Amino acid sequence: MMDFFFLKQYLSLEYPIFELFGYPLSLLEFLGTTSGLICVYLASRNHILTWPIGIFNSICFFFLFFQIQLYSDMLLQIYFFGSSIYGWVIWRKRTGSFTKIVSLGKEKNLILFVCLVIGTFGLGQFTKHLPNWFPSLFVKPPDFLYWDAFTTVASIFANLLLAQRKLESWFLWVFVDLVCIVLYHLKGIPFVTIEYVVFLLIAFYGSWHWYQEYLVNQKT
């Protein structure tokens, strides 16, 4: 019981490890932010350690988003946890052949848009009722209900499209990162906000780089 108490204390956003420019930085936000940046960097370097670090990152952000009532983002970490295990297994096998970057096309993009709208509404309604279904766990109502739901649903689709080397994946990541920057700024977690500014820059670069390769593929 004593060990659980200390663990709960360390996982609290109200447990600062030091102040930076007057902001009390918690251990949880520090670990989540740094592991996220390392994870993305290793992914850009095609390094397999991106997956175990991604697992650790999803655990940190699960507890972080729970405490600031972004329940859709919290649930997204469960998906990222599972997809990181899947990626770790696949990368160890190194199976499959190189796939060219392609576009979904107008028809599939329209289907994607409809799925995003339906998924956002459905997840928003689900998280809206969590405090009613589990009042002992979710003592506060969710904040930014549908915007939070959008980033979760869009992140899942963007991740799937990225694995399939679809051009639209990076465009979707740009929208996700923009919304996340605003949400996390409003929730008062500046280090996570800064992290997503970096992610946004990476998404812009990914969009440009993949589009250039897509144009080359169109000519061959």
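Trainee: What counts as a helix or a strand here?

Mentor: Both are DSSP runs: helices are H or I with at least four residues, strands are E with at least two. In this predicted model, the protein comes to nine helices and two strands on that basis.

Trainee: In what order do the elements run?

Mentor: From the N terminus on, α-β-β-α-α-α-α-α-α-α-α.

Trainee: How do you know that the span of helix 5 agrees with its 23 residues?

Mentor: The expected span is 1.5 Å times one less than the number of residues. For helix 5 that gives 33 Å, and its end C-alpha atoms are 33 Å apart, so the two agree.

Trainee: Which residues of helix 5 are buried?

Mentor: L112, L116, T120, L123, G124 and T127. Buried means under 20% relative accessible area. Across the protein, buried residues make up 40% of the 220 residues.

Trainee: What makes a set of residues a nonpolar core?

Mentor: They must be buried, of the listed kinds such as Leu, Phe or Tyr, and joined through side-chain atoms within 4.5 Å. The largest such core has 43 residues. Those with the most contacts inside it include L64, W173 and Y184. Helices 3, 4, 5, 7, 8 and 9 each supply at least two of its residues. Helix 8 gives the largest share, ten residues.

Trainee: What is Y184 in contact with, leaving aside its neighbours within four places in sequence?

Mentor: F65, L70, D73, I189, V192, T193 and Y196. Contact means heavy atoms within 4.5 Å, so each of these residues meets that cut-off with Y184.

Terms used. Residues numbered from 1 in each chain as written. Predicted model: local features only at pLDDT ≥ 70, side-chain atom pairs only at ≥ 80, totals over all residues. Heavy atoms only, no water. Buried < 20%, exposed > 50% of the residue type's maximum accessible area, 1.4 Å probe, protein only.
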